[in-house]
Amino acid sequence: MRPPEGTLHRKAGATLAAACGTWFGTAVVGQVLFGAYVAIFYVGSALQGRWEDWNKVFPKGHVPGATLSNLAVAAHVLLALVILVGGPLQILPAVRRRFPAFHRLTGRVYVGAMVLTSLAGLYLVWVRGGAVGDLTMHLGISLDALFIMGFAGMALHTARTGRFDAHRRWALRLYLVGTAVWFFRISFSLWLMIHGRPVGFDPDTFTGPFPTIMTFAQTLVPLGILELYLRARDGGSATGRFATAGLLSVLALLTAAGTFAAFLILWKPRIAPSPRAQAQQPAFVPHGDPQRLSLIQL
Ligand code: HEM
């Protein structure tokens with residue numbers, strides 16, 4: 001017997017919530033791994049005074065004497081850690097409901113870290129110069145910086161004026177644009193793992209159609225999917241909710257696969273560069289330099 005519309009609708013809502021939770025849980029694991037890599041590699045080498053290790057990842061990671069550039073890079077990666085850990089904490093409803101004062105305090109820290117990281121990133125791209133990639137990639141990541149700053153302002157403004165429904169929506173958008181660089185890394189790594197060799201980009205310059213498309217997609221695609229989800233959740237038909245749940249389930253699988261690929265290709269070789277780990281690098285790595293393909297500035 002066909003269930004009445006109300007029951008079907010509720011089932012669709014529950015399925016959508018479960019799919020969303022599954023995607024979010026998978027994303028949190030991936031972002032925590034990214035954060036762990038940042039802490040172990042960047043903070044670890046800085047604490048040991050081995051700042052020059054940062055140059056293994058990007059060309060001007062640490063330039064002796066270039067104080068402003070070095071400070072901007074250090075602030076950028078350290079605040080990245082706050083963002084990667086703080087994002088999920090801000091979003092989790094349980095934390096928000098049970099510890100509202102903590103949510104308000106960490107919210108200010110999170111928003112501040114977002115804005116400062118973006119400003120440091122913009123400085124590195126447009127003032128210091130020498131960032132990896134071409135103009136399209138610099139424009140793409142700058143678009144992300146503008147979204148971050150705009151959404152941070154909206155999230156703060158709607159919270160201060162007590163418009164909490166709108167606040168939650170802006171906070172979700174902020175969370176997604178704040179993790180765009182992680183989307184880039186997992187998509188790039190999955191792409192490499194699927195093809196087994198560089199396709200759609202030049203591995204020496206890290207330019208080409210793939211990074212150009214991805215530099216915009218990293219921000220715009222997650223935002224588009226969020227709008228689909230919000231529409232389905234807040235007034236969508238049962239069919240729309242089931243369809244969105246299906247999409248989120250597929251994305252959860254892709255997110256898990258991308259995180260696994262990024263861990264193997266980008267993060268593990270830098271934090272555990274044993275001879276065995278080096279040997280695990282894919283055969284296409286050019287010039288015998290396993291870090292070369294990891295030169296992603298985004
Ligand atoms: C807000 C979220 C962001 C996070 C979590 C983040 C994280 C990182 C991390 C971890 C690195 C070190 C590279 C690596 O180990 O993978 C890095 C480098 C870098 N990021 Fe970001 N980033 C963010 C946003 C931005 C934005 C908005 C810009 C530019 C407007 C930017 C520009 C750069 C640049 C230029 C580098 C140095 C690489 C190079 O010199 O080419 N980042 N970022």
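Q: Which residues of α2 meet which residues of α6?
A: Two residues are in contact if their C-beta atoms, placed from the backbone, lie within 7 Å, and helices are DSSP runs (H or I, at least four residues) numbered from the N terminus. Here Ile83, Gly87, Gln90 and Ile91 in α2 meet Ala171, Leu172, Tyr175 and Gly178 in α6. This is a predicted model, in which local features need pLDDT of at least 70 and side-chain atom pairs count only at pLDDT 80 or more, while totals for chains, interfaces and linings use all residues. Residues are numbered from 1 along each chain as its sequence is written.

Q: At roughly what angle do the axes of α2 and α6 cross?
A: Axes are lines fitted to C-alpha atoms, for helices over the stretch in contact, with angles from 0 to 180 degrees between N-to-C directions. The axes of α2 and α6 cross at roughly 155 degrees and come within 10 Å; the two helices are therefore roughly antiparallel (angles over 145 degrees).

Q: What about α5 and α6, and how far apart are their axes?
A: The axes of α5 (residues 135-160) and α6 (residues 164-178) come within 8 Å and cross at roughly 155 degrees, which makes α5 roughly antiparallel to α6. Among the residues making the contact are Ile148, Phe151 and Ala155 of α5 and Trp170 and Leu174 of α6.

Q: Which residues does Leu174 contact, leaving aside its neighbours within four places in sequence?
A: With those neighbours left aside, Leu174 is in contact with Met114, Ile148, Phe151, Ala152 and Ala155.

Notes. Angles under 35 degrees count as roughly parallel, over 145 as roughly antiparallel, 65 to 115 as roughly perpendicular and the rest as oblique.
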